[in-house]
Amino acid sequence: MSYGTRVQAISQVTDRKPLPSKIPQRLEALWATDVFTLSKMQASLPKDVFKSVKNTILTGGKLDVSIAGTVAAAMKDWATSKGALYYAHVFYPMTNATAEKHDGFISVQSDGSVITEFTGKVLVQGEPDGSSFPNGGLRSTFEARGYTAWDVTSPAYVMETDNGVTLCIPTVFISWTGEALDKKTPLLRSISSMSKAATRVLKLLGHTEVAPVNSSCGAEQEYFLVDAHFAHSRPDLLLTGRTLFGKPAAKGQQFDDHYFGAIPERVQVFMQEVEERMYRLGIPAKTRHNEVAPGQFEIAPFFEAANVASDHQQLIMTLLKSTAKKHGFVCLLHEKPFAGINGSGKHVNWSVGNATQGNLLDPGDTPHANMQFLLFCGAVIRGVHKYGPLLRAVVATASNDHRLGANEAPPAIISVYLGSQLEKVFDQISQGRIEGSDAPGLMDLGVDTLPVFPKDPGDRNRTSPFAFTGNRFEFRAVGSNQSVSGPLVAMNTILADSLTWVADNLESRMKAGEDLNTAAEGVLKEIMDKHRNVIFGGNGYSPEWHKMAVEERGLANLRTTADALPVLKADYIEELFTRMGVLTPIELESRFDVYAEQYLLAIEVEAKLVVSMAKTIIYPAAVRYLSELSSAIANAAAIGIEMNKESAQTVSNLVKLMMDSVAKLSEAMAKHDFDSIEEHMQYSAQTIRPLMDKVREYADTLEGEVADNFWPLPTYQEMLFVK
């Protein structure tokens with residue numbers, strides 16, 4: 001790495017032009033053209049086969065495996081008509097990544113000719129090597145068999161790249177002994193568990209016709225774009241997704257001029273191609289805009305059923321990264337790629353509903369009189385209070401630790417924000433009387449030419465990790481690079497538990513002679529008496545709240561992944577997942593082991609790279625500059641000119657301090673004798689990470705002292721502002 005390389009990168013970036021912008025097609029012509037939709041199935045399947053598949057997709061009916069051969073043949077004919085030569089069972093291992101194994105449709109005949117073939121058996125079941133994916137001790141390394149199984153509720157699609165077309169079939173991934181090795185299986189189980197509990201409550205409320213209840217998800221995806229020339233000159237960005245070194249630029253986000261600002265031309269062309277590819281895959285891209293930090297952007301899809309939304313979220317991350325390459329960018333999904341400016345999250349908007357009762361978290365115009373809404377909302381409040389540490393654990397990663405708790409993202413303390421209107425209603429419930437709720441009102445701006453429009457009855461709170469936003473809850477602590485499946489599993493499961501409790505209590509009270517309204521009000525009051533401590537409408541960043549939350553309200557403040565992940569081993573969490581039929585004890589333990597290992601590996605890679613970059617890139621550059629500066633001082637003295645020697649002394653001191661810190665970090669990294677994985681995690685969090693930060697502190701200060709033409713790494717100023 002040299003200054004010449006950096007200068008060359010700057011030149012190449014400034015000379016780069018946006019790719020030509022294609023004339024966009026009509027949405028109707030694009031929509032789901034690459035998806036094997038119900039309408040395409042209907043056109044290609046016999047009526048009885050289509051009816052059976054549709055019943056499974058829409059009502060959760062059991063899949064009739066005997067029809068798989070007919071479906072496979074139709075799916076193959078559709079895919080090959082679009083140019084597909086290969087198919088892939090797509091699954092989601094416990095690494096937050098997407099995995100797939102490609103197989104050809106080719107079948108060699110006895111006469112040496114070939115045909116395309118895709119059987120029902122192959123559609124229903126695949127067998128990738130299960131030994132190379134992390135399983136947390138579920139299988140021994142030599143036990144390699146793992147299965148993928150067709151998830152008919154998530155549609156198959158073709159993925160078109162410059163290298164060809166592949167039929168992609170969403171699947172679950174399980175071991176030979178039947179344990180879930182993936183993110184999808186627990187999600188499907190959690191939806192089923194929640195639906196059963198919700199159906200009980202709805203029937204107790206008097207509904208005779210109740211369709212299956214599903215959760216919905218709309219995940220706002222934040223990301224950074226950096227020109228590939230800059231990213232390829234930064235080993236830290238390439239290997240870890242974040243800058244391990246870098247002095248903040250003089251200008252960051254302090255002017256608030258990037259947020260919702262005009263989208264740079266080159267970025268907008270990139271966004272348009274991403275959206276076109278999303279539309280072809282049936283992913284409803286709804287919103288795009290500049291985010292708060294320079295170089296940061298957001299895309300948000302519309303709400304979909306949770307399982308499909310989870311699959312689509314994985315596709316969105318894939319599309320962002322692959323499309324960025326075509327446009328000369330690198331897309332960064334790390335939660336904190338740049339220090340000193342906002343990081344990236346993935347705000348998961350979550351609700352529950354069905355085809356017969358609609359959105360069960362919609363308060364309507366009179367929430368105080370909407371007993372159905374109050375019971376479902378109350379169940380969420382109870383669940384978040386009882387299992388707040390679980391919600392913190394499912395967003396715990398080494399990268400999200402950089403973001404959570406800062407004045408840019410929700411604190412690590414899990415609380416619920418309801419808004420002033422609902423908070424008053426639940427306060428009334430706690431006092432044993434429901435009197436009414438605030439009306440929405442109108443916004444009159446006092447200008448005749450401007451419209452009068454409805455005003456929401458409550459404001460929003462951007463510091464809350466779990467906020468009610470009109471007809472859904474927004475879980476704002478999810479990391480940019482995470483699969484949304486883990487958070488959805490947790491939310492669905494705690495709601496299933498709370499709705500089961502609500503149903504049990506309603507039944508008990510009504511058997512004791514209470515009418516439905518009295519029983520429901522009693523259940524709601526009990527929820528508020530036991531769980532109102534989790535409701536908070538103030539500033540979640542304030543030190544006062546942190547003190548109050550822990551000392552007065554008994555809420556957990558799990559600051560790091562090392563603090564949060566052990567929650568997955570707690571007896572009450574194991575009991576929850578076992579009772580709800582979502583994860584067995586061994587499956588839950590495997591997730592702790594995998595996530596803990598991922599955390600330790602992430603910090604280990606970063607620490608090694610800090611040492612390497614400090615020694616081989618920053619130290620040589622600083623020494624070269626110091627040598628040049630010392631020569632200049634000596635030459636000036638030789639001709640009677642006295643130069644200020646303080647700069648040379650400052651650089652010399654900083655170089656020594658940095659290298660002393662590198663030595664301490666290297667020594668700390670050599671420790672391997674830990675009694676438990678929990679101890680190892682705490683050591684990484686409390687010892688390794690601070691030592692890495694100390695090396696960076698001196699290196700970043702050096703960047704501000706060393707002459708610009710000696711500094712080898714692309715700077716924040718260049719990476720964030722040159723597009």
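This is a predicted model: local features need pLDDT of at least 70, side-chain atom pairs count only at pLDDT 80 or more; totals for chains, interfaces and linings use all residues.

**Entry 1: α12 and α14.** I started with this pair and noted that α12 and α14 are oblique to each other. Two packed helices get described by the angle between their axes and the distance between the axes, so I looked up both. For α12 and helix α14 (residues 485–511), the angle is about 130 degrees and the axes are 8 Å apart. Angles over 145 degrees would count as roughly antiparallel and 65 to 115 as roughly perpendicular, so this pair ends up with the word oblique. I also jotted down that α12 and α14 cross in a right-handed way.

Next I checked who touches whom. On the α12 side, the contact includes Leu 375, Phe 376, Ala 379, Val 380 and Tyr 387. On the α14 side, I found Ile 494, Leu 495, Trp 501 and Val 502 among them. Sorted by class, the contact of α12 with α14 comes to 16 nonpolar, two polar and two charged residues.

**Entry 2: α12 again, now with α13.** Helix α12 (residues 371–393) also packs against helix α13 (residues 420–430), with an angle of about 90 degrees and axes 12 Å apart. That angle makes α12 roughly perpendicular to α13. From α12 the contact takes Phe 373, Leu 374, Cys 377, Gly 378 and Ile 381. From α13 it takes Leu 422, Val 425, Phe 426 and Ile 429. Which classes turn up in the contact of α12 with α13? I wrote down eight nonpolar, one polar and no charged residues.

**Entry 3: α7 and α11.** Here helix α7 (residues 184–204) meets helix α11 (residues 306–326) at about 155 degrees, and their axes are 10 Å apart. So α7 is roughly antiparallel to α11. The crossing of α7 past α11 is right-handed. α7 brings Lys 184, Leu 187, Leu 188 and Ile 191 to the contact, while α11 brings Ala 306, Asn 307, Ser 310 and Asp 311.

**Entry 4: cavities.** How many cavities of 30 Å³ or more does the structure hold? I found two.

The largest cavity has about 50 Å³ of space. Its lining includes Cys 217, Gly 218, Ala 219, Pro 301, Phe 302 and Glu 304. β9 (214–227) and α11 are the elements that give two or more residues to that lining. Which element gives the most to it? That is α11, with four residues. By class, I count off six nonpolar, three polar and one charged residues in the lining of the largest cavity.

The second largest cavity has about 40 Å³ of space. Around it I listed Ser 154, Pro 155, Tyr 157, Pro 170, Val 308, Asp 311, His 312 and Leu 315. The lining of the second largest cavity divides into five nonpolar, two polar and one charged.

Definitions and conventions:
Residues are numbered from 1 along each chain as its sequence is written. Side-chain values use heavy atoms; hydrogens and water are left out. Axes are lines fitted to C-alpha atoms, for helices over the stretch in contact, and angles run from 0 to 180 degrees between N-to-C directions. Angles under 35 degrees count as roughly parallel, over 145 as roughly antiparallel, 65 to 115 as roughly perpendicular and the rest as oblique. A crossing is left-handed if the near helix is turned anticlockwise from the far one by less than a right angle, and right-handed if clockwise. Contact means heavy atoms within 4.5 Å. Ala, Val, Leu, Ile, Met, Phe, Trp, Tyr, Cys and Pro count as nonpolar, Asp, Glu, Lys and Arg as charged, and the others, Gly among them, as polar. On a 1 Å grid over the protein atoms alone, a cavity is a set of points where a 1.4 Å probe fits but cannot get out, and a pocket is an open set with protein on both sides within 12 Å along at least five of seven lines; lining residues have an atom within 4 Å of a point. Grid points are joined across faces, edges and corners, and a volume is the space filled by probe spheres set on the points.
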